Structures are given as structure tokens and as C-alpha cells.
Amino acid sequence: MSSVFVWLNDQLLRMQWLSDLVTLLLRDVIGMDVGSRMGASVHFFLYDTVKIFILLSVLIFSISYVQSFFPPERTRRILGQHKGLGANIVAALLGTITPFCSCSSIPLFIGFTSAGLPVGVTFSFLISSPLVDLASVILLASIFNWGIALAYVLVGLVLAVLGGTLISWMKMEHQIEEFVFTAPVVSHDGGTITRRERLSYARDQVIEIASRVWPYVLIGVGIGAAIHNWIPQDLITGLLGQDKWWSVLVATIAGVPMYADIFGTLPIAEALVGKGVGLGTALAFMMSVTALSLPSMIMLKRVVKLPLLVVFATIVALGIVVIGYLFNATAYLFI
Amino acid sequence: MEIKILGSGCKKCVALGDNTQAALKAAGREATIEKVTDIIAIAGYGVMSTPALVIDGKVVSTGKVLSPKEVGFLLPAA
């Protein structure tokens, strides 16, 4: 039973067959030595690019199908039925199945707030939405393993719940721009959706997201390949090694100005771990790139005042740093 | 009649704009079509998912590319 699972996991999720196929192609068709530095880079690049695009298509298709059952109007209604910590938890959970794009977070923020949802609940949703989604879980399981994937989801959700709860406690409602509260509340349900419409919605999402993220994926895999084979190990472990106390901090700060999808950051994290960087350090970098990016901060600034923005960024950054050190300290449990 | 298409310039918004044009033509109606792309302005209509269709200041559809026929049903009586 377990060997069947291992086989399925290796072939479907890790795509061992693809790695073998790329090796075969490079060695026998092109005549390249995959053991050489150049060959290994090309192998990493081809294998990771194809793997990420296959996973991305399958995952986005399935998730979008599920997502079509939870349009923002429905999410808002569900959230309105919960109170206190429960509402934060539900918000964090719903964040995992809603949009991938940070550009949709502003309309959601305004729509939730104008309908009277507490600020803290909305922030729980805003933190969890880019950080944890079903696609990232499967990708993490594919690149690392299931233990790491599940632990990542758990800490991501905890961060979203705690962050939102803290913002509630601080009573920062007055730090939101006035017009947000006065925006009209429209509750269109879009009528009933047929199964066919859900399927075509899912297909459209795959096309839309793939055409948006492909440059990030290629850049991410490119950087990953460079780290994997060209940048001296000493340099990387000297800066980000397990024994360096600043490693998680540096990784978190380095991630902020970067803006990419989780799909683009995973190959970088993978290559870093392969070079002896702590798992927590690599995850901190990944979380920082996806949850704290300058473009989304600039967008948020249009609806919230600076103090709330600073509080939000600080909570998330501190959370990421803590999670990073936690993973580094307990990495032996996962790898 | 005043029609607004809300959406930050994605492919779907263009499609909704085209379908609206087609619906107007089929119904033999005239209207000004304006595209609203600023995310804050869009959210100002209370819209959370785009593309959305606004006719005479009222949001009539969100998060969906309506077919010309569907838009036709939403046009107010002449």
C-alpha cells in the first residue's frame, strides 16, 4: 500500500519520469553530459519549467472549479455569519481558495469593509489569500515533501488568524480611508452557474494565469538553475547558511521588493535548500516575496492610511521571520 | 443610455465590451460605452469581481462575460 503511494507520489507529483526523460533527451539525443555543470543547469531548467507548468495548469484548473462555488459575494456572506476568532479562522480558510492575484485584493477589501465586516477579519483574509493556496501546497509537496507542505499551510493560516486578530485588537478602523465605508454594497450572485460554465471558467483561469505568470516562472527557474550550479556554495552558505543568525532576516528583507507568484519563487527556494540553506530561510524568502510586495503595498496604500499599512507589514514580516526560525530549528523533523 | 464596463483592462473586459456593442446593434439602440479601469473607481461601484456591467448607474452584472443575448435582456426598455 505504502509503496504504491510512494510510486504515485514520485511519478505524479515529483515527476521522476520527466526528470528521466530530460536526462535521456540531453544525453542520447543532444549528447550533453548531464553530470557537467552546463548539462546540470540545462537539466534543472527544462525539468523544473515543464514540471511547474504541468502542475500549474492542473492545479489552477481544479482550484478554479472549486473557487467558482465561492464568488466574493458568497464569501462575504459566509464571513458575516461568524464572529470573533471564528470569523478570523473562516476568513483565513476562505483565503486559501480565493484569487491568486493581488490586484483583486483591493475590490475585495472595499467590498468586505463597506458591508460592515470587521477590519481584522478582512486582514485575516488578505494575509492568507496570497500566502496559502491549494496550488502552493501541492507544489511544496512536489518539490519538498508532504510534511513541509502541511506545516507551511498550518503556519500560514496561524499567521493570518493572529495578524487579523491583532489588527482587531488595535482598533484601527479609523485608519481606513473614508470612502471605503461609503461604497455601495452590491450583492449580485450572478444567478445560477451551470457545470459547463464552471468548467469553462476554470479553463479561462488557467489560460489567464499561465499567460500572466510565465515570465516569473522562467526567471525563477533561471535563478534557481544559476544557484544550483554556478554560484559557489560558500558564498550562499556564508550569507544564508544555517549557522548564520541573520539568514532568515536577510531572506525576508530581500523578498520584500520582489514581486512574483509562488510559482516563480518555489524553484529559487528549492535551489537554495539544495545548496545547504536552511528550510526556514528559504520558506521565509518565499513568503516574503508573495505576501509582502511593494506593488501590493502601494495598492493597499490607496485604501488604508499609513499607520495601518505599517502595522500590517510589520505583523506579517515579524510572523514570517518567526516562522523562518521555527522551521530552521525543527527542520530535522521534515527532511 | 449610459453604459460602463468595469475592469482593469483584462481580456474578459474587452470581450464584455464587444458583446455589449453587439447587443446594442442587435437591438438597434444607441448608447455611450465607457471603460472604467481604475481599481478604486471600480470598487466605488461596490463591485468585487470584474468584468462588471453598469447601465445608467446601476450594476447589473459582475464577474461574468455576458453573451450579447444576455446583455440584450438587461437593456432597459426603450
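## The interface

About 1600 Å² is buried between chain A and chain B, and carbon and sulfur atoms give 61% of that area. The model is predicted. Chain A brings 24 residues to the contact, and chain B brings 17 residues.

Between chain A and chain B there are 2 salt bridges. One of them joins the side chains of Asp38(B) and Arg302(A), at 3.1 Å from N to O. The pair counts as a salt bridge because a side-chain nitrogen of Arg within 4 Å of a carboxyl oxygen of Asp meets the rule. Polar contact across the interface comes to 1 residue pair, with both residues at pLDDT 80 or more.

## Chain A's side of the contact

Which elements of chain A give two or more residues to the side that touches chain B? They are helix H4 (72–80), helix H6 (105–114) and helix H11 (195–229). By residue class, this side of chain A has 14 nonpolar, 4 polar and 6 charged residues.

## The second largest pocket

A probe the size of a water molecule, rolled over the atoms, shows where empty space is left. The second largest pocket has a volume of about 330 Å³. Its lining is made of 21 residues. Nearest the centre lie Ile223(A), Ile227(A), Met258(A), Ile268(A) and Phe285(A).

Several helices of chain A give two or more residues to this lining: H11, helix H12 (233–240), helix H13 (247–255), helix H14 (262–274) and helix H15 (279–291). H11(A) gives the most, with 5 residues. H11 of chain A is also among the elements that give two or more residues to the side touching chain B. What classes of residue make up the lining of the second largest pocket? There are 17 nonpolar and 4 polar residues, and no charged ones.

## Backbone details

Most residues other than glycine have a negative phi, and most peptide bonds are trans.

Pro51(B) sits in the loop between helix H2 (39–43) and strand S3 (52–55) of chain B.

Lys171(A) belongs to the loop between helix H9 (146–169) and helix H10 (178–182) of chain A.

Technical notes:
Residues are numbered from 1 along each chain as its sequence is written. Chains are lettered from A and ligands numbered from 1 in the order in which they are written. This is a predicted model: local features need pLDDT of at least 70, side-chain atom pairs count only at pLDDT 80 or more; totals for chains, interfaces and linings use all residues. Side-chain values use heavy atoms; hydrogens and water are left out. Contact means heavy atoms within 4.5 Å. Buried area is the accessible area (1.4 Å probe) that two parts lose on being put together, summed over both. A polar contact is a pair of N or O atoms within 3.5 Å; within protein, one must be able to donate a hydrogen and the other to accept it, and residues adjacent in sequence count only if both atoms are side-chain atoms. Helices (H or I, at least four residues) and strands (E, at least two) are DSSP runs, numbered from the N terminus. Ala, Val, Leu, Ile, Met, Phe, Trp, Tyr, Cys and Pro count as nonpolar, Asp, Glu, Lys and Arg as charged, and the others, Gly among them, as polar. On a 1 Å grid over the protein atoms alone, a cavity is a set of points where a 1.4 Å probe fits but cannot get out, and a pocket is an open set with protein on both sides within 12 Å along at least five of seven lines; lining residues have an atom within 4 Å of a point. Grid points are joined across faces, edges and corners, and a volume is the space filled by probe spheres set on the points.
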